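Hi,

Here is the structure I promised to pass on.

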Number of protein chains: 2
Amino acid sequence: MSEADVDRLFQALSDATRRDIVRRVTVGEYSVSGLAALYAMSFAAVQKHVAVLVRASLVTKEKRGREQIVRGNHEGLEKARRLLDEYEAIWRQRAERIADILAEG
Amino acid sequence: MSEADVDRLFQALSDATRRDIVRRVTVGEYSVSGLAALYAMSFAAVQKHVAVLVRASLVTKEKRGREQIVRGNHEGLEKARRLLDEYEAIWRQRAERIADILAEG
DNA sequence: GTATTCTACAACCAAATGGTTGTAGATCAG
DNA sequence: CTGATCTACAACCATTTGGTTGTAGAATAC
């Protein structure tokens, strides 16, 4: 996973509408227009949000007839969580090191 | 935690320089100029990155003499991880529900 | 066939982002 | 006191972002 991939991942999650889309398509299936109906913005705007999520691998799009079905992509989410786990692991190591130093002294 | 807070959190993590700053200040202590020395950009640019991290509660800044010491803020990281855990939990529930349906049929 | 629906994509716009330089205020060293 | 260092902040610039409208192509419905 490149730095640019991580950029895209977090950037995609930094918008409330996009996070809502992720939640919804994780639970159920939605067409792009089905999603667009949920928000007070144009179809094209929602289309762009979905495109951002696809680029970030948080969501997939699959053609079904004239519709485009959007589904959650578990891998993307898992990668994001694992990344933050790593950050936390670094923190925990630091906390342990400090505890060790205090124990020594 | 408001939606705007979550926006700030993920937006702050969507830049490679800022993620690197988070990693470094989680392990050790750095002044703003100490951080600035690490990157091929101006002091002012790094100053702005730190400000973004402070606003996102991923980092704290504390004055010490003429320096400003930057430290990691565990709470911010933990909140981010917990958020992604929630998303994953939703996914897991869905997976279970699907498993149940398959078991019924 | 025609009309409707769903999508794609271009062009445009205002605001935010990520960078720069420059100026000025504190603090420390000699 | 003087000079060097660290920080803050304003002004500016190019690019990206998040939204809009409009046009056009596929697939479905009748």
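Two residues are taken to be in contact when their C-beta atoms, placed from the backbone, lie within 7 Å. By that rule, the contact between the chains takes 25 residues from chain A and 25 residues from chain B. On the chain B side, α1, α2 (16-27) and α5 each supply at least two residues, and α5(B) brings the largest share, 12 residues. Helices here are DSSP runs of H or I with at least four residues, strands are runs of E with at least two, and both are numbered from the N terminus. The side of chain B that touches chain A divides into 11 nonpolar, five polar and nine charged residues. For these classes, Ala, Val, Leu, Ile, Met, Phe, Trp, Tyr, Cys and Pro count as nonpolar, Asp, Glu, Lys and Arg as charged, and the others, Gly among them, as polar.

Before you read on, please note that this is a predicted model: local features need pLDDT of at least 70, side-chain atom pairs count only at pLDDT 80 or more, and totals for chains, interfaces and linings use all residues. Residues are numbered from 1 along each chain as its sequence is written, while chains are lettered from A and ligands numbered from 1 in the order in which they are written.

A residue is near a strand if its C-beta atom, placed from the backbone, lies within 6 Å of it. DNA strand C is surrounded by 21 residues, the closest being Ser33(A), Ser42(B), Ala44(B), Ala45(B) and Gly65(B). Two or more residues of that surface come from each of α3 (32-36), α4 (43-55) and β3 (67-72) of chain A and from α4 (43-55) of chain B. With five residues, α4(B) gives the most. By class, the surface near DNA strand C has seven nonpolar, nine polar and five charged residues.

And DNA strand D? There are 21 residues around DNA strand D, and Ser42(A), Ala44(A), Ala45(A), Gly65(A) and Ser33(B) come nearest. Here α4(A) gives the most, with five residues, and the surface divides into seven nonpolar, nine polar and five charged residues.

Within chain B, helix α1 (residues 3-13) packs on helix α5 (residues 74-104) at an angle of about 100°, their axes 11 Å apart. The axes are lines fitted to C-alpha atoms, for helices over the stretch in contact, and angles run from 0 to 180 degrees between N-to-C directions. That angle makes α1(B) roughly perpendicular to α5(B), a label used for 65 to 115 degrees (under 35 is roughly parallel, over 145 roughly antiparallel, the rest oblique). Val6(B), Leu9(B) and Leu13(B) of α1(B) meet Gly76(B), Lys79(B), Ala80(B) and Leu83(B) of α5(B).

Met1(B) sits in the segment before α1 of chain B and touches Val6(B) and Lys79(B), leaving aside residues up to four places away in sequence. Met1(B) counts as exposed because it has 10 C-beta neighbours inside 10 Å (exposed means 12 or fewer, buried 20 or more, partly exposed in between, with C-beta atoms placed from the backbone).

Last, the strands of chain A, where pairing requires at least two DSSP bridges. β2 (residues 59-64) and β3(A) pair in the antiparallel sense over six bridges, with Arg64(A) bridged to Glu67(A). In their hairpin, which has two residues between the strands, Gly65(A) takes a positive phi near 65°.

Best wishes
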